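Reader: I'm new to this one. Could you walk me through how to read it?

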Amino acid sequence: MDVELRGITKRFGPITANRNVNLTIRAGEVLGLLGENGAGKSTLMTVLCGLYSPSEGEILIDGKPVRFAGPGDAIAAGIGMVHQHFMLIPVFSVAENVVLGVEPTGRLDRLDLVTARAQVRSINETYGLEVDPDALVGDLPVGLQQRVEIIKVLFRSAELVIFDEPTAVLTPQEVEDFFKIVRSLRDDGKAIVFITHKLNEILEIADRISVLRAGEIVGEGDPKALSEADLAEMMVGRPVSFTVAKAPFAPGEVLLEVDDLTVLRDDDSLAVDRLDLQVHRGEIVGIAGVQGNGQTALVEALTGLARIAGGTLRFAGGDITRASTRERHRLGIAHIPEDRQRTGLIPAFTIAENMVLDTYYDERFSAGPVIRWDAVNRAAARASIDFDVRTDSVFNAVGTLSGGNQQKVIIAREMSRDTQLLIAAQPTRGIDVGSIEYIHRRIAEARDEGDGVLIVSSELDEILALSDRIVVMFRGRIVAEFDGNDPGISRKAIGLAMAGATA
Ligand SMILES: Nc1ncnc2c1ncn2[C@@H]1O[C@H](COP(=O)(O)OP(=O)(O)OP(=O)(O)O)[C@@H](O)[C@H]1O
Ligand SMILES: [Mg+2]
């Protein structure tokens, strides 16, 4: 099935998210869609899958114009989308999730799960998905939940499958497996759209690349003839540097001291196991590791969000083991959480309100019980400009921003105040290369000025670009340490430590 977008324009009030977009997506081909945060990628695909109707323009399938009154029409026409934020019901089984809304009915009109299970198995076999139809979705790791979304789309007989930043939440191994699935879909003649900010991925998997900027297509290219630097420049409109300039490493005294820390999961199993860690002033410590090895629990314990089962935490010389989140915050600890939707933002609040979620009680923003909105709005406007949050007003709800711009609001909030320690988990998830360059520079500047920084990232490139010292977490412990400023540092050794191999 070939699909053509012709002259698509999409406006939201005064904002034009897509402007006169012409794009063809062909059967048996992976089209990579690139663009800065807010360029209009998700909006364009949301139009294609029938959730938004275009303000202007038309969609043609195999040359014939079609009109979608809603996502049901697009699905019936063979277009399916795997959204960045999964839309699964955790307490239902895989088979139940897959049939949701299109239940095959047996005798007496009851949900015929036997048939559903069999269909899930057959899709599994065709594309090598290996998902147990009877597993509870809530028990599955993210990579498998994503496959459930894929099965859902295939169950509805999609011929065009859209993936919106599918790899943002996957581990490197899961990305490899995901690419195998994408290739088998393509070889089976499906048309695929793949959106990502990771340029190496798009070069690996795409057959053709289109670039959006400010809502318009600004370039097309052949991945075989392009480098990451070419793609970055096409997206951002200027060359992008992939290395971070830092002053020579000159660490100060210990700022954060973690001593014998133990944190338990809800089921009382060990998430962090008697861990010791120090962060000095003027030092960036990077925590590398495969997700699920205690990094999240460590960050939550440091920021006061998780209960500590044993050990002590000292910050700037004082004991903060039992300090509340707000106290830690007031002492000068900034936190960029890993899951912006769950713990970083309130989508229905304005950008300005979100910018002061954790500082509104400050003297800068409050006179007694009264919030000084003029000061809040001014600070929010300033921070939005500094961190290039693409919006026309700080009074817009954060939920209407593009994914990457939502992330930039959090970073702007946490990095615009005077702090001593930045704890950043997956800080640049979903952020475009141009903005990553800027954010990395700001992090390096904070460190040059004597702040301590602790970065948790599943992107080894990010850890390597920033860190003075790299520690590897495995099963709740630190199992290896590397000098981040050593030019001969071995990615392979880090990778082995991440996989639990002892040197
Ligand atoms: N429901 C909405 N209401 C108002 N504006 C919107 C809405 N949805 C998207 N926009 C705006 O449309 C523009 C394009 O957003 P879109 O989400 O398509 O960007 P994107 O290319 O997917 O970016 P990212 O890489 O950050 O995900 C942005 O300026 C965004 O604020
Ligand atoms: Mg998007």
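Author: Let's go from the overall picture down to single residues. Keep in mind that this is a predicted model.

Reader: Okay, the big picture, then. How many helices and strands are there in the protein?

Author: The protein has 17 helices and 22 strands.

Reader: And what does the radius of gyration tell me about the protein?

Author: You set it against what a compact globule of that length would give. For 503 residues that would be near 23 Å, and the protein has 24 Å, which agrees.

Reader: What share of the residues count as buried?

Author: Buried means under 20% relative accessible area. By that cut-off, 52% of the 503 residues are buried.

Reader: What about contacts along the chain: what share join residues at least 24 apart?

Author: Take the contacts between residues at least 6 apart in sequence: 67% of them join residues at least 24 apart.

Reader: And the charges? How far apart are the mean positions of the positive and negative ones?

Author: There are 53 positive and 73 negative charges, and their mean positions are 2 Å apart.

Reader: Now the inside. How many residues does the largest nonpolar core have?

Author: The general idea comes first: in soluble globular proteins, nonpolar side chains tend to be buried together. Here the largest nonpolar core has 44 residues, and V409, L422, I443, I455, V472 and I494 have the most contacts inside it. Helix α14, residues 403-415, gives the most to this core, with five residues. There's also a second, separate core of 34 residues, which includes V82, L88, I150 and V161.

Reader: Can we zoom in on V409? Which residues does it touch?

Author: Leaving out residues up to four places away in sequence, V409 touches L345, I351, N354, M355, V389, V398 and L401.

Reader: Next, a helix. Why is α1 described as largely enclosed by the rest of the structure?

Author: A helix has 3.6 residues a turn, so residues three or four places apart point the same way. With α1, residues 41-48, seven of the eight residues are buried, so the helix is largely enclosed by the rest of the structure. The buried ones are K41, T43, L44, M45, T46, V47 and L48. After α1 comes G50, with a positive phi near 85°.

Reader: And α9: how many of its residues are buried?

Author: Six of the eight residues in α9, residues 295-302, are buried, leaving the helix mostly covered. Those six are Q295, A297, L298, V299, A301 and L302. Just after α9, G304 takes a positive phi of about 85°.

Reader: Which residues have a positive phi although they're not glycine?

Author: D62 is one, at about 45°, and S157 is another, at about 60°. D62 sits in the loop between β4 (56-61) and β5 (64-66), and its relative accessible area of 47% makes it partly exposed. S157 lies in the loop between α5 (142-155) and β7 (160-164).

How values were computed
Residues numbered from 1 in each chain as written. Chains lettered and ligands numbered in written order. Predicted model: local features only at pLDDT ≥ 70, side-chain atom pairs only at ≥ 80, totals over all residues. Heavy atoms only, no water. Helix = DSSP H or I, 4+ residues; strand = E, 2+ residues; numbered from the N terminus. Rg over C-alpha atoms; globule rule 2.2 N^0.38 Å. Buried < 20%, exposed > 50% of the residue type's maximum accessible area, 1.4 Å probe, protein only. Contact = heavy atoms within 4.5 Å. Lys, Arg positive; Asp, Glu negative; His and termini not counted. Charge placed at Lys NZ, Arg CZ, Asp CG, Glu CD. Core = buried A, V, L, I, M, F, W, Y, C linked by side-chain atoms within 4.5 Å.
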